[in-house]
Amino acid sequence: MCSSAHCGVSNETRPMLKTTQIQKAKDFLALHHDPKLLVLPNIWDPGGARLLEHLGYPAVATASAAVAYSLGHDDGERITFDVMVDVIQRIASAVSVPVSADIEGGYGEDPLDVFNNVRRIVQAGAVGINIEDSFSEGGPLRDASSQCERIRQARNAARGEKVPIVINARMDVFIGSDTATDDQMSEAVSRARAYLDAGADCIYPITLGRIKALKELLSQIRAPINVYANAKAAPMRDLEKAGISRLSLGP
């Protein structure tokens, strides 16, 4: 199985593809700094990606759970990374808009694993990634310094490929809570600042959806925030008015 979106492409065509991918990455980042809320209904196959592109969405993103479910597996890195790369490559090849890939925890315990895996994801055509900071859904969080090194290696991989991907750093601090406690907010602010310094572009405090808490976090970090559109999230109009950059619909 070929792990690169450039497989079967002539040497003359590769520089043009790389230039296009670089521009897509820049366009995707710009969408995070636009006053208009970036809405990403997450997809799992090329057909879904093409449908959203046809409907006018400026970018598409996978949801790891949706990809896994579509292949008959549970979420949680249950499909192999080779399979994940193949899915991303087929999606990225099917549309002209930017594609962001949910790679869960990075598919590896060593930061070097993250480096190598992100490199393959970029080679597959993606211009963004989601990477989360818990060992498993609802499980313990990685040490912040360890997660920062993983984010740094993801950024290093992108630099090596010369594609300025958008790193969406998911924080699982608020999972299992209906409200944000002072301790959780303090931890979230500390982690968000560290993740941004390590190379992240956007912070994803998954399950945090109330305007008051989101405004507090935004005021502390002054960086793009991604909100998960669950039943408790604020309406899109309110999120946009509050300065939230991105909304993910998830699986």
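Modeller: A residue is called buried when its relative accessible area is under 20%. Ser248 has 3% relative accessibility, so Ser248 counts as buried. Keep in mind that this is a predicted model. Ser248 sits in strand β8 (residues 246-248). Its side chain makes a polar contact with the side chain of Asn226, at 3.1 Å. Leaving aside residues up to four places away in sequence, Ser248 also touches Tyr204, Leu40 and Val227, among others.

Strand β5 (residues 166-171) runs parallel to β6, and four bridges join them. Between these strands, the chain passes from β5 through helix α7 (residues 182-198) to β6. This β-α-β crossover is right-handed.

Arg170 stands opposite Tyr204 in β6. The side chain of Arg170 forms a salt bridge with that of Glu132, at 3.4 Å from N to O. Glu132 belongs to strand β4 (residues 128-132) and Arg170 to β5, so the pair ties together parts 38 residues apart in sequence. Both partners are buried. Arg170 also meets Asp172 in a salt bridge, here at 2.7 Å from N to O. Asp172 is buried, as is Arg170. The count of salt bridges comes to eleven.

Definitions and conventions: Residues are numbered from 1 along each chain as its sequence is written. This is a predicted model: local features need pLDDT of at least 70, side-chain atom pairs count only at pLDDT 80 or more; totals for chains, interfaces and linings use all residues. Side-chain values use heavy atoms; hydrogens and water are left out. Two strands pair if DSSP finds at least two bridges between them. Helices (H or I, at least four residues) and strands (E, at least two) are DSSP runs, numbered from the N terminus. A crossover is right-handed if, with the strands pointing away from the viewer, the path from the first strand over the helix to the second runs clockwise. Buried means under 20% relative accessible area, exposed over 50%, partly exposed in between (1.4 Å probe, protein chains only). A polar contact is a pair of N or O atoms within 3.5 Å; within protein, one must be able to donate a hydrogen and the other to accept it, and residues adjacent in sequence count only if both atoms are side-chain atoms. Contact means heavy atoms within 4.5 Å. A salt bridge is a side-chain nitrogen of Lys or Arg within 4 Å of a carboxyl oxygen of Asp or Glu.
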